[in-house]
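I'd like to walk you through a couple of helix pairs, so let me put the structure up.

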Amino acid sequence: MARGFETHARTVSALTLLSRLTGLARDAALARIFGVGVAMDAFAFAFMVPNLFRRLFGEGALASSFLPVYTRLDAQRPEVARPMAWLVLSRTAVALAALTLVGELILLAVWPPSDKEAATLSATLVALLLPYMPLVCVVALMGAVLQTHHRFGPTAASPIILNLGIVAAAILPWAIGAQDAISPRMHIMVVAGAVLVAGIVQLAWSALALRGTGVRPMQAPPEARAPFREVIRKTVPMALGLGVLQVNTFVDGLIASYPTNIGPTIFGIPFPLDEGSMAAMGFAQRLYEFPLGVFGISVATAIFPLLARQSADTPAFLESLRKGLRLTVFIGLPASMGLFIVRDQLAAVVFQGGDFTSASSARVGSILAGFAVAIWAYSANQVLTRAFYARGEAMTPVKVSMSMVALNFLLNITLIWTPLNVAGLAWSTAICAILQVIVLERLLARRLGRVVDEAVRASWIRTLAGTLLMGALTGAAAWVLPDQGSWWTMAWVLAVLVSVGAATMLGAAWVLKMPELRWALGRQS
């Protein structure tokens, strides 16, 4: 291998950073135009459906079961690897297209059951966005092929196409001078249509990038059937194992969208959440997913092919896993602290304006506080779960994941009745993520020996020390600076707080001579 995973992590992080910035621009436009109301509730719920499948099957289970098999075949029998990859891509596309058709028929037959306008809008948007599911899943699977060939850029950059398409659709009425002639309902449907167009462009973009790998339409020889069946056999348990955060988030969304899709009462009792809860939670998710996607998932994505290649070499496997955990916590723990501190200012700067008021910013900030505390845990779970899959184990993380889903649901339906209200959904997700890290690490240690050795523990202690110092200085700055005001006031306050936090953490890493800083910059030790 010519380069370590740190270099690939830097590539993925840089492009993901750009895609997340355009994602923030997308959400900023949607927030200012639609606010926290029924239209955004319906769109957030509908967009959650293809995103769940993308994360479970595209980027998650199917890619994770496919990648180790394809990596092994590519090294040993490339003449079998290419047709096997095409077999997976083509069969997946057909299966997901059929699933989409079934979903559309179910929507047509049973939902919505009433004439509630908000529920009707949600059902219409789900029907519009469901065809995006096979497109984005196949794009993500193409990305797994490209990663094996050390091409991480095209897939990491493809979300930019989606984000720019949504922004263009959101501002289109102003561009053509028709902002007064289009209703919010019709406008949000135009945005949904732009998602479909972007999905087609993403597919074409990924297909062009795939040409250099040798994977193309071809007849699969008989020897490609066995590895194909191996991939499919592992997919379902992997979906449950890797997808716990996504499933928990989906459950959160179902509960948050209840007032919009069903009504204000449950069993005759007033439901504790109100309309707009789904939109507010969706905006909070976008903010915590920014550091998670840019750094946490990027590390897991880059390290997975390496772990797959080292699965038979326990010492090398452990060394890579430990390095991945050190880098994940080095990035994730300060991100958790920083995002918790600047939550209100960040929500105001990114979203506030137009139909998105200061009260909406405070609402999003309260939800973001719950999600933020566990960014390091969400990231570590991605690495730990992929370690199991690289070793060919699927059922162990599945059992852990299912217990976390059950616990998350119990916490959800409990915490929303407390003063936390909709923020209880975020705290529930965070608690389950932290517990999952502990359980997965213990289970891996039983199989491999000590995962968290003295070097990892020392690294985490140094990271914690730097994070606490960063939190103290940033918190002190936040205490003396204005906590409300105009957009420009919040923008410069946020800039000061981010600068203080970043400088403190970088300075602490330099003083403590932490190699994780070099790794984060893509340099091997």
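So, start with helix H13, residues 314–341, and helix H16, residues 375–390: their axes come within 6 Å and cross at roughly 160 degrees. Keep in mind that this is a predicted model. Anything over 145 degrees counts as roughly antiparallel, and therefore H13 and H16 are roughly antiparallel to each other. As for the handedness, H13 passes H16 in a right-handed crossing.

Which residues of H13 and H16 meet here? On the H13 side you've got Phe317, Leu321, Leu325, Thr328, Gly332, Leu333, Ala335, Ser336 and Leu339. Across from them, H16 brings Ile375, Trp376, Ser379, Ala380, Val383, Leu384, Ala387 and Ala390. If you sort the residues in that contact of H13 with H16, you get 13 nonpolar, four polar and no charged.

Okay, on to the other pair. Helix H4 is residues 78–110, helix H6 is residues 132–148, and they pack at an angle of about 165 degrees with their axes 9 Å apart. By that cut-off of 145 degrees, H4 and H6 are therefore roughly antiparallel to each other too. And H4 passes H6 in a right-handed crossing.

Who's making the contact? From H4 it's Ala85, Val88, Leu89, Thr92, Ala93, Leu96, Ala97, Leu99 and Thr100. H6 puts in Met133, Pro134, Cys137, Val138, Leu141, Met142 and Val145. Sorted by class, the contact of H4 with H6 comes out at 14 nonpolar and two polar residues, with no charged ones.

Technical notes:
Residues numbered from 1 in each chain as written. Predicted model: local features only at pLDDT ≥ 70, side-chain atom pairs only at ≥ 80, totals over all residues. Heavy atoms only, no water. Axes fitted to C-alpha atoms, helices over the stretch in contact; angles between N-to-C directions. Helix = DSSP H or I, 4+ residues; strand = E, 2+ residues; numbered from the N terminus. Parallel < 35°, antiparallel > 145°, perpendicular 65-115°, else oblique. Left-handed = near helix turned anticlockwise from the far one by under 90°. Contact = heavy atoms within 4.5 Å. Nonpolar A, V, L, I, M, F, W, Y, C, P; charged D, E, K, R; others polar.
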